[in-house]
Amino acid sequence: MKRIGVLTSGGDTPGMNCAIRAVFKTGVALGMQVMGIYHGYKGLIEGKVDYLTHEDVENKMHKGGTVLRTARSQEFKTEEGVKKAISVLKAYGIEGLVVIGGDGSFRGCMELVKAGIPAIGIPGTIDNDMGYTDFTIGFDTAVNNVTNEIYKIRDTMRAHDRVGVIEVMGRNCGDIALWAGIGGAADLILVPEMPMQWDEAANKLAQNKLRGKLTSIVMIAEGAGKAEDFAAYVREHTDVEIKATVLGYIQRGGNPSAFDRVLAARLGERAVELLAEGKGGRAVGIRHNTIYDVSLAEAIEVKDEFDYKLYELNEMMAKF
Ligand code: ADP
């Protein structure tokens, strides 16, 4: 393969730039030309394609977001859209493609593979909601971002003897709430995988107050409800003073952690090696600290397993 392309798609994550850099460097090392496709599948359809240069990737490692920009494209979900994308790839002589994104982007990647383009998926999503890989690029940074915020919120909650409930991202996957909750010594973690009734949760906070623990931190993943609604429920049913914070996009921005940078480098390298071996239709991931690959179909199908043991660990620690 002489010329490959790389794009970022769906939600951006810190560490995507490190993956782009690794794809570029590995491609160059293997004697390939590497082209950047801007604005995801939308840009691909529109022909927003250019050679990547060292300048494009130098000194970008520490930046969040993606130098290739990202986008969502309804048109790409149509047969016509995929046809347009293929014609652009053909026109630029791009023989293989690396797609960095979440499971939606992987589905799009499969359409290109079906149409005969060797394409490889690299998992990039802060939610860590892809079951075939232990970690996705951006998750570790998001957890670090949230953990740092927990301590700021805890300071002011303690000053007023209040409970703080912090809403974080994760519609179907409570990993950010769980990991940041443990990192930030949360007292309660509400996630979609472990539906706890709000009366039970409110009761725990009331019990904490009775035993003299006036400040508690509650993590709530967006899939388990809104922080403001939970706070209103607690106020209505107990005498606990509670304040809600929604962290929003600050979770997704900022410098990628060293872990995400290294993960992105390893996944980026493997993705290009697969293309060089003439393999397409694969997704790269990490299992037990080993980089491996599975078919894109399997990557999409494998159910994301919640770490119940980790959840129980937090429950135990919060009890005493
Ligand atoms: P993520 O990759 O973060 O899960 P999305 O779900 O928004 O983000 O998907 C990103 C893009 O991938 C979509 O805008 C669309 O262009 C493409 N895509 C998603 N699902 C499909 C699908 N079933 N078929 C083809 N393309 C898809």
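User: Hi! Which hand does the crossing of helix 1 and helix 10 have?
Analyst: Hello! In this predicted model, helix 1 crosses helix 10 in a right-handed way.

User: Which residues make that contact?
Analyst: Helix 1 brings Cys18, Ala19, Ala22, Val23, Thr26 and Gly27. From helix 10 come Arg261, Ala264, Ala265, Gly268, Glu269 and Val272.

User: And how do they split by class?
Analyst: The contact of helix 1 with helix 10 has 7 nonpolar residues, 3 polar ones and 2 charged ones.

User: Switching to the ligand: how many residues surround it?
Analyst: There are 15 residues around the ligand, and the closest are Arg72, Ser73, Gly102, Gly104 and Ser105.

User: What does Arg72 do there, side chain or backbone?
Analyst: Side chain: an N or O atom in the Arg72 side chain is 2.5 Å from a ligand oxygen atom.

User: How about Ser73 and Gly104?
Analyst: Ser73 has a backbone N or O atom 2.7 Å from an oxygen atom of the ligand. For Gly104, a polar backbone atom is 3.0 Å from a ligand oxygen.

User: Last one: how do helix 7 and helix 12 pack?
Analyst: Their axes are 10 Å apart, at an angle of about 35°, and the crossing is left-handed. Leu178, Trp179, Gly181 and Ile182 of helix 7 meet Leu310, Tyr311, Asn314 and Met317 of helix 12. By class, that contact has 6 nonpolar residues, 2 polar and no charged.

Technical notes:
Residues are numbered from 1 along each chain as its sequence is written. This is a predicted model: local features need pLDDT of at least 70, side-chain atom pairs count only at pLDDT 80 or more; totals for chains, interfaces and linings use all residues. Side-chain values use heavy atoms; hydrogens and water are left out. A crossing is left-handed if the near helix is turned anticlockwise from the far one by less than a right angle, and right-handed if clockwise. Helices (H or I, at least four residues) and strands (E, at least two) are DSSP runs, numbered from the N terminus. Contact means heavy atoms within 4.5 Å. Ala, Val, Leu, Ile, Met, Phe, Trp, Tyr, Cys and Pro count as nonpolar, Asp, Glu, Lys and Arg as charged, and the others, Gly among them, as polar. A residue is near a molecule or strand if one of its heavy atoms lies within 4 Å of it. A polar contact is a pair of N or O atoms within 3.5 Å; within protein, one must be able to donate a hydrogen and the other to accept it, and residues adjacent in sequence count only if both atoms are side-chain atoms. Axes are lines fitted to C-alpha atoms, for helices over the stretch in contact, and angles run from 0 to 180 degrees between N-to-C directions.
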